Amino acid sequence: AYEGMKLQDQDVVTVSDPGSVVLKLDDDKYVYLESGAEIKITASGRSTSTKTNIELLKGSMSSVIEKKLGADENFSVTVDNISMVVRGTIFRICLVSNENGDTTVTVQTIEGEVAIDTGNDTQSILSSGFQDVILLTDAGGTFESINTPIEYNDVPSDTLQWIQEALQDKLNTATDPEEINLLNQMIAVVRTDLPTAVP
């Protein structure tokens with residue numbers, strides 16, 4: 001990969017360890033891939049009706065959608081049978097396997113909302129500041145926890161920095177007083193969990 005490289009439909013992106021990658025999709029969608037992450041991109045449509053799906057194959061990714069999606073636009077992330085659909089938000093998804101062979105998907109909504117469909121007739125709408133943990137099963141997924149506060153201490157500092165910058169960018173263009181207040185609160189929470197420099 002190199003800066004400015006063009007991606008195509010069905011491309012697979014794998015991030016080395018250590019390393020990270022920022023992808024720009026269209027003009028207002030960004031994806032941050034953490035060290036060791038692997039995704040597959042499926043894209044179709046035109047500039048006013050884009051349909052983008054990212055299949056998270058391994059590791060963790062974060063995404064920022066700067067503008068609300070139009071009625072004919074779609075942006076989703078899938079992990080196995082689980083689907084996360086967004087309408088303009090900042091979120092993070094982690095795919096983790098433990099020593100027992102159990103695999104979980106953690107969905108964290110930093111700002112906005114994410115609709116989660118586990119593939120076995122259970123759904124959840126995840127709002128700002130909360131996370132769901134889903135255990136992958138042969139039939140799809142089973143919620144292990146729903147709407148618990150995001151554990152920012154478990155998020156890598158580089159990812160937190162990227163999320164803080166995304167929130168700051170949203171704040172810089174916000175005009176609604178209520179939205180400005182909420183964004184300031186979110187930035188304060190993320191900043192609190194960033195490591196402080198040692199003099």
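User: Which side chain meets Glu34 in a salt bridge?
Analyst: In this predicted model, the side chain of Glu34 meets that of Arg92, at 2.8 Å from N to O; a salt bridge here is a side-chain nitrogen of Lys or Arg within 4 Å of a carboxyl oxygen of Asp or Glu. Local features need pLDDT of at least 70 and side-chain atom pairs count only at pLDDT 80 or more, while totals for chains, interfaces and linings use all residues. Residues are numbered from 1 along each chain as its sequence is written, and side-chain values use heavy atoms, with hydrogens and water left out.

User: Where do Glu34 and Arg92 sit in the chain?
Analyst: Glu34 is in the loop between strand 3 (29-33) and strand 4 (38-44), whereas Arg92 is in strand 8 (residues 90-97), 58 residues apart; strands are DSSP runs of E with at least two residues, helices are runs of H or I with at least four, and both are numbered from the N terminus.

User: Buried or exposed, those two, Glu34 and Arg92?
Analyst: Both Glu34 and Arg92 are buried, meaning under 20% relative accessible area, with exposed over 50% and partly exposed in between (1.4 Å probe, protein chains only).

User: How many salt bridges does the count come to?
Analyst: The count is 2, and Glu111 with Lys170 is one of them, its closest N and O atoms being 3.6 Å apart. Glu111 belongs to strand 9 (residues 103-111) and Lys170 to helix 1, so this pair ties together parts 59 residues apart in sequence. Glu111 and Lys170 are both buried.
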